[in-house]
Amino acid sequence: MDIAGIILAGGLGTRMGHVKKAFLTINGRTILDRLLAVYRPLFTEILIAARDKNDYKAYDYPVAEDRFEARSSLTGIHAGLSAMRASHGFMAACDGPFLQPGLVRALLDQAAPEDDVVVPLKEDGYVEPLCAVYSKRCIPHIEAQLKRENFRIIGFFDQVRVKEVPVSLLLPGDPHQVSFFNVNSPDDLRQAEHLAAELGL
């Protein structure tokens with residue numbers, strides 16, 4: 001399958017003092033650099049979805065700029081899907097520093113051309129829409145939702161073909177379950193530093 005890798009880097013980082021999360025460093029490496037290290041062996045097409053391409057001049061990857069004014073992850077997903085050449089795109093957000101390549105590979109292996117969304121299903125019944133595969137067929141549904149100012153990512157899932165992948169099938173590629181760890185606050189960042197030291201991440 002033709003799947004692009006898209007990094008969602010457009011967040012405001014409000015709880016982090018308006019610092020762009022992509023450039024937060026954990027154990028000496030930025031989150032963006034960490035994600036790119038995972039993406040490079042997996043995807044021939046890699047894009048950064050962001051508000052302003054000028055923030056990423058130092059990176060030799062195309063930047064898919066937001067096409068809607070609202071700042072939301074759904075806006076970034078829309079930008080990435082609209083800009084990519086591939087039929088499907090794997091999305092991960094720049095607040096997840098410990099994305100594991102084994103988990104991504106396992107999720108990609110579950111994707112079929114007819115799927116519109118391939119998303120991890122956690123044991124608590126919730127899905128992880130910011131570590132998921134989306135098809136270009138989602139674009140009109142996302143656009144309609146953004147125009148209604150509904151920014152809930154899963155809001156359009158009932159209109160497309162969704163494959164939920166139980167996390168149990170993905171854990172061999174991420175035995176410590178760190179792929180879904182998010183850095184949203186200074187406390188999270190401190191915890192991330194401890195995790196990185198403890199697990200050698």
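A search of the whole structure finds 9 salt bridges, a salt bridge being a side-chain nitrogen of Lys or Arg within 4 Å of a carboxyl oxygen of Asp or Glu. Before I go through some of them: this is a predicted model, where local features need pLDDT of at least 70 and side-chain atom pairs count only at pLDDT 80 or more, while totals for chains, interfaces and linings use all residues. Residues are numbered from 1 along each chain as its sequence is written, and side-chain values use heavy atoms, with hydrogens and water left out.

Take Lys 21 and Asp 95, whose side chains meet at 3.7 Å, N to O. Lys 21 sits in the loop between S1 and strand S2 (25-26), and Asp 95 in the loop between S6 and helix H3 (101-110), so this pair ties together parts 74 residues apart in sequence. Helices (H or I, at least four residues) and strands (E, at least two) are DSSP runs, numbered from the N terminus. Both Lys 21 and Asp 95 are buried; buried means under 20% relative accessible area, exposed over 50%, and partly exposed in between, with a 1.4 Å probe and protein chains only.

Next, Arg 161 and Asp 115 form a salt bridge at 3.6 Å, N to O. Arg 161 is in the loop between H4 and S9, Asp 115 in the loop between H3 and S7, 46 residues apart. Arg 161 is partly exposed at 48%, whereas Asp 115 is buried at 2%.

Asp 66 pairs with Arg 51, the closest N and O atoms being 3.6 Å apart. Asp 66 counts as buried at 16% relative accessibility, and Arg 51 as partly exposed at 23%. Those two and Glu 69 are linked in a network of salt bridges.

Now the sheet. It is open, with 7 strands in the order S5-S4-S1-S6-S8-S7-S9 and mixed pairing; two strands pair if DSSP finds at least two bridges between them. S5 (63-65) and S9 (162-166) are at the edges with a single partner strand each, so one side of each has no neighbour in the sheet.

Which strands does S7 join? S7 has 2 bridges to S8, running antiparallel, and 5 bridges to S9, running parallel. Of the 5 residues of S7 (117-121), 4 are buried, so this strand is largely enclosed by the rest of the structure.

Finally, helix H2. In H2, 9 of the 11 residues are buried, so the helix is largely enclosed too. What covers those buried residues includes S1, S4, S5, S6, S8 and helix H4 (139-147), contact meaning heavy atoms within 4.5 Å.
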